[in-house]
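Student: Hi! I'm new to this one, could you walk me through it?
Tutor: Happy to, let's bring it up and start.

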Amino acid sequence: MTATAGSAGAHRPGRNVDLDHLVDRAKFVRLETVRLTKIAGAGHYSSTFSAAELFSALYYAHLRIDPSRPDWPDRDRFILSKGHAAIGLYPVLGDLGFFDPALLDNYTRFGSPFGDHPDMKKVPGIDFSSGSLGHGLSIGVGMALAGRMQNRSYRVYCMLGDGELNEGQIWEAVMSAAHFKLQGLVAIIDRNQLCIDGPVDQIMGVEPLVDRFESFGWAVQRIDGHDIPAVLGALDALQPAGLGKPQVIIADTVKGRGIGHMEMKLNWHVGNLVGQDYEDAITELQAGLKPYVPVEA
């Protein structure tokens with residue numbers, strides 16, 4: 001593992017790095033994901049649960065954003081390339097004040113601005129309208145180049161799924177970012193090990209990720225994506241926008257983290273908890289994360 005030298009320090013004005021608060025907000029992401037899935041009748045539980053601590057650390061402690069000015073030109077940009085996890089991002093944006101959280105009570109219903117994937121024209125705080133996977137990092141390259149042309153200091157963050165790395169366009173963007181020395185571009189890989197078709201490394205192996213990104217000229221950090229202090233440390237170690245190596249944080253996570261019977265189970269990529277199963281899931285999440293014990297194949 002390699003990490004960028006130095007630290008950009010506290011990035012988000014008025015950020016809250018209290019660990020208990022950030023743990024609570026990650027729990028909030030999971031609980032809201034379960035609630036909103038019940039409204040919609042189906043939802044992406046496991047892909048969102050793996051990113052809960054990442055969402056919490058980014059939005060409550062790190063990103064340079066201002067909910068009262070969603071279009072602030074100098075804000076950091078966040079691209080959710082794995083857009084099916086938007087069900088966990090919407091509650092965070094509402095909680096921060098980008099919109100009235102009560103609007104989420106009609107999640108995915110006719111006339112609601114909140115779809116399964118986010119629409120930047122309908123939802124304040126969303127910078128990228130996602131759909132088919134694989135496009136986000138290329139958009140990030142363009143945003144980072146735009147910031148350079150406009151002499152702005154914002155960073156561009158792009159969260160990718162590990163299965164998404166099978167898309168060739170991702171590696172074209174990786175190559176382009178290094179060529180243009182886009183130090184302000186930060187990729188965050190949710191390395192949750194499963195994609196909709198099966199274990200990522202069986203479908204198409206992506207390792208060794210550290211070596212691969214370094215060979216393309218990126219600065220690399222690898223962390224436990226459920227360890228909030230580790231996430232904060234990696235974010236604070238990032239270099240500011242400028243000429244230099246683009247940066248990637250590989251976050252090793254567990255798909256479905258937080259509900260025991262969902263952890264590392266393929267059949268919960270999309271699902272719907274009902275009846276006692278729903279109540280049991282809420283109770284388990286409210287109790288907090290239990291130690292994860294990998295199950296041997």
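Student: How many of the 11 residues of helix H4 (residues 86–96) are buried?
Tutor: In this model, which is predicted, 10 of the 11 residues of H4 are buried, so the helix counts as mostly covered. Among the buried ones are Ile87, Leu89, Tyr90, Val92 and Leu96.

Student: What covers the buried residues of H4?
Tutor: The cover includes H1, helix H2 (45–49), helix H3 (52–61) and strand S1 (77–80).

Student: And what follows H4?
Tutor: Gly97 follows H4, and its phi is positive, near 105 degrees.

Student: Let's switch to the sheet. What's the order of its strands?
Tutor: It is an open sheet of five strands in the order S1-S2-S3-S7-S6, and the pairing is parallel.

Student: Which strands stand at the edges?
Tutor: S1 and S6 do. Each has a single partner strand, so one side of each is left without a neighbour in the sheet. On average, neighbouring strands of this sheet are turned by 20 degrees against each other, direction ignored.

Student: How many bridges join S2 to S3?
Tutor: Six bridges join them, and the two strands run parallel.

Student: What about S3 and S7, over how many bridges do they pair?
Tutor: They pair over six bridges, in the parallel sense. Here Val186 has Gln247 of S7 as its bridge partner.

Student: Is S3 itself mostly covered or mostly open, and how many of its residues are buried?
Tutor: Strand S3 (residues 185–191) is mostly covered, with seven of its seven residues buried. Leu185, Ala187, Ile189 and Arg191 point one way, while Val186, Ile188 and Asp190 point the other way.

Student: Which strands does H5 touch when it packs on the sheet?
Tutor: H5 touches S1, S2 and S3, and its direction makes about 175 degrees with that of S2. Helix H9 packs on the sheet too, touching S2, S6 and S7, and its direction makes about 165 degrees with that of S6.

Student: Which residues of H9 are buried?
Tutor: In H9 (residues 228–236), the buried residues are Ile228, Val231, Leu232, Ala234, Leu235 and Asp236. What covers them includes H1, H3 and the strands S2, S6 and S7.

Student: Now helix pairs. At roughly what angle do the axes of H5 and H6 cross?
Tutor: The axes of H5 (residues 136–149) and H6 (residues 168–179) cross at roughly 25 degrees and come within 8 Å. That makes H5 roughly parallel to H6, and their crossing is left-handed. The contact is made by Leu137, Ser138 and Val141 of H5 with H6 residues including Ile170, Ala173 and Val174.

Conventions:
Residues numbered from 1 in each chain as written. Predicted model: local features only at pLDDT ≥ 70, side-chain atom pairs only at ≥ 80, totals over all residues. Heavy atoms only, no water. Buried < 20%, exposed > 50% of the residue type's maximum accessible area, 1.4 Å probe, protein only. Helix = DSSP H or I, 4+ residues; strand = E, 2+ residues; numbered from the N terminus. Contact = heavy atoms within 4.5 Å. Axes fitted to C-alpha atoms, helices over the stretch in contact; angles between N-to-C directions. Parallel < 35°, antiparallel > 145°, perpendicular 65-115°, else oblique. Left-handed = near helix turned anticlockwise from the far one by under 90°. Pairing = 2+ DSSP bridges.
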